[in-house]
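Biologist: Please bring up the sequence and the coordinates, and we will go through the ligand site and then the chain.

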Amino acid sequence: MKRLVIVGILCVMAVQGSLQAEDMDTMWGQAVVKLRADQAKRGQLFSEGNYAMFIHWGLYSHLGNQVGDKTYYGIGEWIMHPRMAGIPVADYKKLAGQFNPTKFNALEIAKLAKDAGMKYIIITSKHHDGFAMYHSKVNAFNIVDATPFKRDPMKELAQACQTVGIGFGFYYSHNQDWIFPGGSGGPKVDDNGNPATFDDYFVKKCLPQVKEITSEYGPIELVWFDTPGKMPKKYVQQLVDVVRKNQPDALVSGRAGHGLGDYQTLGDMEVPHENVEGLWEAVDTTNDSWAYAWYDEYWKTPKDILERVIACVARGGTYMLNIGPRGDGSVPERAARSLHGAGTWIKQYPQVVYGTEASPWKHALPWGDVTVKGRKMFLSVFDWPAKGELFLPGLKTGILSARLLSGKEASPIKYQSVDGWVRFRLPARAPESLVSVIELELAAFPQVDVVWGIDPEMATEILADFAEVQDVSKESKRWMEKFGEWKHVAQITNWEPNGKATFEVDVLAPGDYQVDLTYAGEGRLVWGVTVEGGEHIQNQQNSSHNYQRFPMGWLNFPAPGRYQVSVSCLEGTTQTASLKAIQFTRIQ
Ligand code: FHN
């Protein structure tokens, strides 16, 4: 993937509070790690099991984002932090006496993950709040010693995962610990008022706890360290050494820090738009918070989940999707329902998701996405074409057969090559209500021309990621919608007078196309769209700080073939105008 300049925009957060260390995104650590694991056995976890369950569950789940009669909006596991409720250490510790998750059922959760089609579970053994969700012998602030529950749910879950036959691993917050003196974000003095250092925290709590979680819970697949921030390398190295010694087959997350992890973790809630090389994972959640938040009923549907799983696999990676059980241990029913819905589909079409390779187009297509297994190619159709014609641009490899799958059944479909495109004739109705699959048998491993084809039937949206730019900046931008709820876009901004963003496209059906631009900005903006050597249109539309799609007008492509389409921001506050996408819809 092209490296973009990263702009962290935290402006949506009105309350600055004191994020004592750095802001959250800068704490994610070095983005790209040495991709060693594909040479080691542990790398197989990602190539074979491209879908996993993440669980954020802890003392914070008991609050569910409500303290007293006030609701805090954002990621629930940060409720203690000044940027959320700001609960003093002593008060937070007292909460443990009320935490009694009697509805926790490890086998039910493991079965849910299995039924969802997930290959392993990664759960919070200790988050930034410092509370251990397992029986730690080195620190009493844990679920066995400090709560009426008295059970070790991590023992139960590790066992349950073995019973149902899926993998198991731990999240561990190695740098941030807001309770233990010396931990990042924690008290600066110990209980006797003596100054505490990070070394104190590391030696007395972090290192021994990582030894515990890697030696007392059977084989684990992965240790998911998070937010390394400015943690010195010598500490990270010691932790990685412990994992290697106790669990030689376990992966270490990229967020261990200092490039010592095995793979790359993308930004929170980020599904990439272009293929990413090497071993990587995307982490996402079933609603908008990692830990349980009582108000958060904005759930991903089964279709949303499938589109994201398939998109990650098609971009060459792994998708880890989070649930946040309640404080009583139960899993929100709607999260479970969506996971089951997507899992039922995956059980019908496992070949589309597991052990597959990335799409040779390197990006999604207007109707869906593509995964590859040897000479077989799977077209996952998210949006069924209304007229029953599906178009595939730029496939250079011959097709031996094309079949529309319907569970275990497969019916041949007709196809035809036209001007470097393939046109498939499909039945009027999709065989699947969520995602239908076309299986192609090819003459060889697929080769494609990766240029963006403008689909003759469906609106084709091309994101800013795919533009070549001149006298404008192309940047990756991220912001928090609510606290900890991250959004990611590539934007083209800082438009100079001759600035332009150029998209190369391939047109199959000549004629007029409606052109829309998706952008954010300040006040009215005039945009121009030009087909190099052809028509030019320009128009003025409004803008706001939210990205919105605005119509620009109709543009003509006189014949089939390649075109360069350039976008310019001509008038208005051009410096802040932020272009996210261009869309073409054929006028019929
Ligand atoms: O601060 C944490 C956050 O609470 C959550 O655990 C996420 C999951 O990726 N990681 C950190 C922020 O990136």
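**Ligand site and chain**

Modeller: A polar side-chain atom of His127 lies 2.8 Å from an oxygen atom of the ligand. This is a predicted model, where local features need pLDDT of at least 70, side-chain atom pairs count only at pLDDT 80 or more, and totals for chains, interfaces and linings use all residues. Residues are numbered from 1 along each chain as its sequence is written, and side-chain values use heavy atoms, with hydrogens and water left out.

Biologist: How far from an oxygen atom of the ligand does a polar side-chain atom of Asp268 lie?

Modeller: Asp268 is among the closest of the 16 residues that surround the ligand, counted when a heavy atom lies within 4 Å. A polar contact is a pair of N or O atoms within 3.5 Å. For the polar side-chain atom of Asp268, the distance to a ligand oxygen is 2.6 Å.

Biologist: How many residues of the shell around the ligand are charged?

Modeller: Ala, Val, Leu, Ile, Met, Phe, Trp, Tyr, Cys and Pro count as nonpolar, Asp, Glu, Lys and Arg as charged, and the others, Gly among them, as polar. The shell has 8 nonpolar and 4 polar residues, and the charged ones number 4.

Biologist: How many strands does the protein chain have?

Modeller: Helices (H or I, at least four residues) and strands (E, at least two) are DSSP runs. Besides 10 helices, the secondary structure of the protein chain includes strands, and these number 31.

Methods
Polar contact = N/O pair within 3.5 Å; in protein donor to acceptor, adjacent residues only side chain to side chain.
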